[in-house]
Amino acid sequence: MKFIEFTDHTGAPVLINATGVLYLRGTEGERTEITFAGRSEPLVVAAPLDEVARTLEDATPMPPDPTLALVS
């Protein structure tokens, strides 16, 4: 499980696991709201939407190759 570090709107560091993210929404001031499964309020981070999306996509683990599972 990989965590990504962002800074929230108060300046505090937060660690995010990409697998719990439901959706992203860009807001004014180069901030992004991140909505998680099981959480009613979104987390606001101080980063633009495209940067957050790219970072989360890069951190998402790739599924194992089923062919290699058969070989092992």
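Tutor: Let us begin with Val-52. Apart from its neighbours within four places in sequence, Val-52 is in contact (heavy atoms within 4.5 Å) with Phe-6, Leu-24, Thr-32, Ile-34, Val-45 and Ala-47. The model is a predicted one, in which local features need pLDDT of at least 70 and side-chain atom pairs count only at pLDDT 80 or more, whereas totals for chains, interfaces and linings use all residues. Residues are numbered from 1 along each chain as its sequence is written, and side-chain values use heavy atoms, with hydrogens and water left out.

Val-52 belongs to the largest nonpolar core, which has 14 residues; such a core is a set of buried Ala, Val, Leu, Ile, Met, Phe, Trp, Tyr and Cys residues joined through side-chain atoms within 4.5 Å. Phe-6, Ile-16, Ile-34, Val-45, Val-52 and Leu-56 touch the most other members. Two or more residues of this core come from each of β1 (3-7), β2, β4, β5 (43-45) and α1 (49-59), and α1 gives the largest share, 3 residues. Helices (H or I, at least four residues) and strands (E, at least two) are DSSP runs, numbered from the N terminus.

One of the contacts of Val-52 is Thr-32, a residue of strand β4 (residues 31-36). Thr-32 has a relative accessible area of 0% and is therefore buried, a term that means under 20% relative accessible area with a 1.4 Å probe, protein chains only. The side chain of Thr-32 reaches two backbone atoms: the oxygen of Ala-47 at 2.6 Å and the nitrogen of Leu-49 at 3.1 Å. Beyond four places in sequence, the residues in contact with Thr-32 include Leu-24, Arg-25, Gly-26, Thr-27, Leu-43, Val-44 and Pro-48.

Strand β2 (residues 13-17) holds Asn-17, which counts as buried because its relative accessibility is 15%. Its side chain makes a polar contact with the side chain of Thr-19 at 2.8 Å. A polar contact is a pair of N or O atoms within 3.5 Å; within protein, one must be able to donate a hydrogen and the other to accept it, and residues adjacent in sequence count only if both atoms are side-chain atoms.

Of its 72 residues, 28% count as buried.

Key. Buried < 20%, exposed > 50% of the residue type's maximum accessible area, 1.4 Å probe, protein only.
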